[in-house]
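Thanks for coming. I will take one structure today and keep to its aromatic rings. Please have a look at the slide.

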Amino acid sequence: MANYRRVVNSQKCIRVGGKHNDFDDVGKDLTHHTFFEMLGNWSFGDYFKEQACQMAFTLLTTVYQLPQDRLYFTYFGGNSELNLSPDTECRDIWRSLGIAEDRILPFGMKENFWDMGDTGPCGPCTEIHYDHNGSILRDKLVNTGSPDIVEIWNLASGVPAYLGRVGAEDTNGLDTAYRILADHARMFTVAISDGLVPSNSGLSHKLQQILYRCIRQCQTIFNTDPRLLCILVDHVAQSLGEAFPEICERKEMVKAVVAMAIENYLQLKQDSRKSFQKMLKQLNSKHVTGDMMWELYEGRYGCSVPHALLLELAEEFGVSMDLPGFEQRLQQEKDSKNNTPISAKKVFSHQCFEYLHQSGIALTDDSFKYTYSASETGYDFPAKGLSCKVVGMFHNDDIIPATQEGMEACIILDKTCFYAEAGGQAADTGILLTDSGEFEVKDVQEYHDYVLHFGKQQRGHFVVGDNVQPILSQADRLECMKKHTATHLLQSALRKHLGPLAVQKGSNIQPHRLTFDFLCLEDLASEKVMQIENSVVKEIRAGHPVSRTSMSLQEALSRGDIVTIPCEKYPSKVTLVQIGDCEMAVSRELCRGTHVLNTRDIEDFCITRVTKVSRGIKRIYAVTGMQASEAHHAGEQLMKLCAELEAAVKTRCQSVNKIQEFTARIHQAHLAGKPVTKLREELMAAIKTQSQGAARMQELSTCIHQMTQRELTPYVAREHVMFVVKPLDTYVTEAANFQKLIKLRTMVEDLLLTDRESNFVLQSMKFEGKQILKALSMLETDRPLVLISPDKTESAVTFVWPKV
């Protein structure tokens, strides 16, 4: 709806308080009510006074066919004390429509000046009144409370135009609000088009605050739908698009993010109001202390209430707040956090860097991390052919001339083939080896172009000037290379199937697994996940070459097809990683990571999980190589087990039907005096089949549940079994009260209703077997329900069958 210019609506209205309420007048006449239906028409930057009056007049006289001589039209007659001029523009519009002069009537502030309070949106309005009794001129009864002549239409022309007033001249602060909204609209449009997304941390939190402020301006000052912000994006794009073409290219993404922020704010406000009301129940006065404000801010009463909403809700509920006390508490908490010692990942101070720099020690040459080759047996890394010199050593931030056995230290070499953690890729591990000692490298970091090898002296000692042989953990490095190249393919697949809005928001590449965060404002269906996974697998099997090319940042950005990470700071010299031939490249990204030389070396790819990181940000977990093949195999086994369980359930249902049939036939045979031996044999066979099937179903259900909990199980396999496996959040104990049981029954009933395509439903939850059966004892179900407890107890699986 963000693009709508004209809107009509039907609105249910309840008025029992506030400025415009009819509470005290109800029952005294035929026109005042606490509930009524209001019809409205709205213009968002489209038509204004003249066309609004024309449409209202046409609807009443032509469509509804109300007699024109029963209508009166009022307008604002001005106010000399407030220096407000009459709305002669509106008067002349009614004249131009052929309204008689004696039916166009001026009125004052009370009748024809619309406002919602002491501050905020206001302005002249025009009203249409209808005379129930006839066409005789009775203009003196208009706006007197007469039940014969009643108002049927109020045309409010919205907020007055921007007049450019500043300071004391802007008495109602309206022009200031205009400037705030215009400024913030430019800011958030540019920021979001560059890839920043509102959230609760860092720069993203600043963006969120700006957006929330705009929403409040729309609601409280302009009294309009905050989706106006989406319309402002169009105007910003029109204004700045020529200078910043990416704004026009990503305009729809910006609108989608803004719409998401509006939805989040409205939900936050609703939840905050509930928290505030919960706090008020414990309040014995009309004053909220600083400590109570802090508890609201921290989420002690439900959701965390932001600072701005605290003030807004206080005004809404008519309570005062101890702002100085709250700000003092905020500062105390901030100081407490600042005084908390932070255990750094690795210790290397700027003083150590200054020592290296002042000593004339050259920056580390780490170009050898890219020196590797592929062969028929795998990848060859240059460990044996590379000799490196120790140029600096540090222990607990102190410069040391030598290490000792068992010492934790940081070693700097003149050159290295170790990869320092960067770009989401984990650091290399391995050893540094000399004839006199061995140093285990546990982590590698980079500090101002010096590569720092953190670890422990496992044997012997090192001294500055020693020549060492670096030996990588080649298996871990290769796994990281596979997964890093896979993230580039995944990025390409996401953009292919979800569009250019699916920009990368982060990644974590470890030898055993990769994660990839990306912008996604829609629900990601399992079918879409399957398409994305299949696209990556297809490019892996295509055997595309992977190449690296160094170039200037300016040259790289001049190519329009380069994928960059939003808000990432790139150096003046960058590396372009290309997958595929120049003419038909699958991916082109700026990246300093290490990659396989051919996509075929990734071997396989499997998405194991898809989770939500925050609003608008999703995370894909995936594996490559043998792990991916193992996951795919597990998925196939899971599907087979599901098919077998489904068949077992059907067989059990057939056995129940046979048991009922044979029981009835035996009863009839007894009544008729006929032999029942054969029927009893068939009945016992059916009972035996049912008993054997029940044991197998128990075994299969438990096995399926265990497989869905494994890390190496495909996401698609979890989601695409023939029935549902989802955890419920309710834990029912033997002491559960009646309300909890009813809630549980309702949840299961909803489950059965939402999964109509399944022949039966498999449900995972924590439960006590007897309580589940009690809760479901009156449940009407037409399909078997298989309940699995994650706890390893005797009641791990419970079957609830259709009533017969």
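Buried here means under 20% relative accessible area, exposed means over 50%, and partly exposed is in between, with a 1.4 Å probe and protein chains only. This is a predicted model, where local features need pLDDT of at least 70, side-chain atom pairs count only at pLDDT 80 or more, and totals for chains, interfaces and linings use all residues. Residues are numbered from 1 along each chain as its sequence is written, and side-chain values use heavy atoms, with hydrogens and water left out.

Now the ring pairs. Rings of Phe, Tyr and Trp (its six-membered ring) pair if their centres lie within 6.5 Å; planes under 30 degrees apart are stacked, over 60 edge-to-face, the rest tilted. That rule gives 15 aromatic pairs. One of them is Phe 276 with Phe 317: the centres are 5.5 Å apart and the planes at 20 degrees, so this pair is stacked. It links distant parts of the chain, 41 residues apart, with Phe 276 in helix α8 (residues 251-281) and Phe 317 in helix α10 (residues 307-317). Helices are DSSP runs of H or I, at least four residues, numbered from the N terminus.

Is Phe 317 buried or partly exposed? Phe 317 is partly exposed, at 21% relative accessible area, while Phe 276 is buried at 0%.

Next, Tyr 372 and Tyr 379 have ring centres 6.1 Å apart and planes at 50 degrees, so that pair is tilted. Tyr 372 is buried at 11%, and Tyr 379 is buried at 10%. Elsewhere, ring pairs join Phe 57, Phe 73 and Trp 94 in a cluster.

Technical notes: Helix = DSSP H or I, 4+ residues; strand = E, 2+ residues; numbered from the N terminus.
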